[in-house]
Amino acid sequence: MKKNLRRLVIALIIIIFIFSLNMIMNKNINTEFEALSRTNQELIQNYFKLQRSEAEDPIWDDFTLTEKPVIFVDKSAWFNNAYGFNMNDLQGLNQAGTQSIMTSEGTLRRFATLNPSTWFLNLSIGNFPSFDTHHTVDRYHDVFYIKYTSGDIAIQNSEPNRYPISFFMHEYTHYTIQRNWPDGSNGLPSFEVPLNAEGVALAFLQYHIYDAMITALNMNLDKAALEQLIMDWAVIQEARSQNNSNFVASESYKLTLEGVATYIDRHAALRIGQKYEYLTDAAGNESHFAKAIEFVDQGKLDPSFIANGAMYYLGSVLGDVLDKVYPEWQRELNTMTIDNPITLYDQLHVYAQSSEMKGRPLSELKAMYDYDTILEIAQKVTQ
């Protein structure tokens, strides 16, 4: 009995020693901003830069996503790798397990790995919390976290969406702004009925309109040019709905959810001076949806791109289009609930119906973009 008790006491002493050593190391080693890794210095500077920009002009109406408590966790490091922003008033146990790091832009907190208040960072498997997860650190509630590696910073040019700040803005959009947005589940239409050849071809035909929208946005063409493209988009959209209304209805929810989040993470990247095209190739160079059609034809891209990956990019394009023609679109989306959803498609349709401009006939649009070739590709991939 005494032997077991002695072992228990020794084990407790060892545990207390390890915890204490971890706290001491966090408080005394690499406590200056300049002592941090170069990648983490860059990340911290960019976060404060985005925060300043958001304070002056939020990316999303009625929300300032960079003012809430957030913890960035560098998975490339083993210990003392969690950096907290907007958490300056920590007290009690947190004080022993955190270290303030001063920068010219602001102050952040570095959490000791074994800090009891942030132990959840060690237990969580995912890189960010789910909708129904609510972490509390001292007086701060709903503390969000993002985990990243130095590799995610290194590939910021080829995959800008993986840069930790862009990644945070995307996932935090889901966690906050979109908490009451429907996602295509709970009885809403689904992708269970696949597209036939005509459905794929019409989706591809619409990709050419998106490419034209990107060109118009990049060239800063006037509102009339975008309005014409919206009307053409609506003509093709009507044909797509007639072909498979269930698919298009489900697509509208997913595109709104993921497209808005991508719109926000892209604008965050642009504000800190990072390159972020609407669509990029493997090297990070600007690409186009016409190239996606070509890749599907060559077997380099799975046709499931239509229902999955495309939603992120297409929604981002539509967000910028709506910025130009319908500035109220963000606040309107903020009013939606699970029971009363609004999608980007709804907003474009309302705009199209109010316009005096007419879309080109479907036959003319098919002739403009070589629909016969597109249909051949669609038939090949749906056999």
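Q: Over the ring of which residue does the charged end of R266 sit?
A: The model is predicted: local features need pLDDT of at least 70, side-chain atom pairs count only at pLDDT 80 or more, and totals for chains, interfaces and linings use all residues. Numbering starts from 1 along each chain as its sequence is written, and side-chain values use heavy atoms, with hydrogens and water left out. A charge sits over a ring if NZ of Lys or CZ of Arg is within 6 Å of the ring centre and within 35 degrees of the ring normal. The charged end of R266 is 3.9 Å from the centre of its ring, that of Y278.

Q: How far is the charged end of R179 from the centre of the ring of F131?
A: R179 also has its charged end over a ring. The ring belongs to F131, and the distance to its centre is 5.5 Å.

Q: Why is the pair of Y47 and F168 called tilted, and how many residues separate the two?
A: Rings of Phe, Tyr and Trp (its six-membered ring) pair if their centres lie within 6.5 Å; planes under 30 degrees apart are stacked, over 60 edge-to-face, and the rest tilted. Here the centres are 6.2 Å apart and the planes stand at 50 degrees, so the pair is tilted. Y47 lies in helix α2 (residues 38-56) and F168 in helix α6 (residues 164-175), a separation of 121 residues.

Q: Is Y47 buried or exposed?
A: Buried means under 20% relative accessible area, exposed over 50%, and partly exposed in between (1.4 Å probe, protein chains only). Y47 has 0% relative accessibility, so Y47 counts as buried.

Q: Which parts of the chain hold W60 and W181?
A: W60 and W181 form a tilted aromatic pair, with 6.4 Å between centres and 55 degrees between planes. W60 is buried at 0%, and W181 is buried at 5%. The pair ties together parts 121 residues apart in sequence, because W60 is in the loop between α2 and β1 (70-74) and W181 in the loop between α6 and α7.

Q: What is the relative accessible area of Q274?
A: Q274 sits in the loop between α9 (245-271) and α10 (289-298). Beyond four places in sequence, Q274 touches N46, Q156, Y163, S166 and A269. Q274 is buried, because its relative accessible area is 9%.

Q: Which residue in β4 is the bridge partner of T98?
A: Two strands pair if DSSP finds at least two bridges between them. Strand β3 (residues 98-102) and β4 run antiparallel, joined by 5 bridges. They form a hairpin with 4 residues between them. In β4, T98 is partnered by F111.

Conventions:
Contact = heavy atoms within 4.5 Å.
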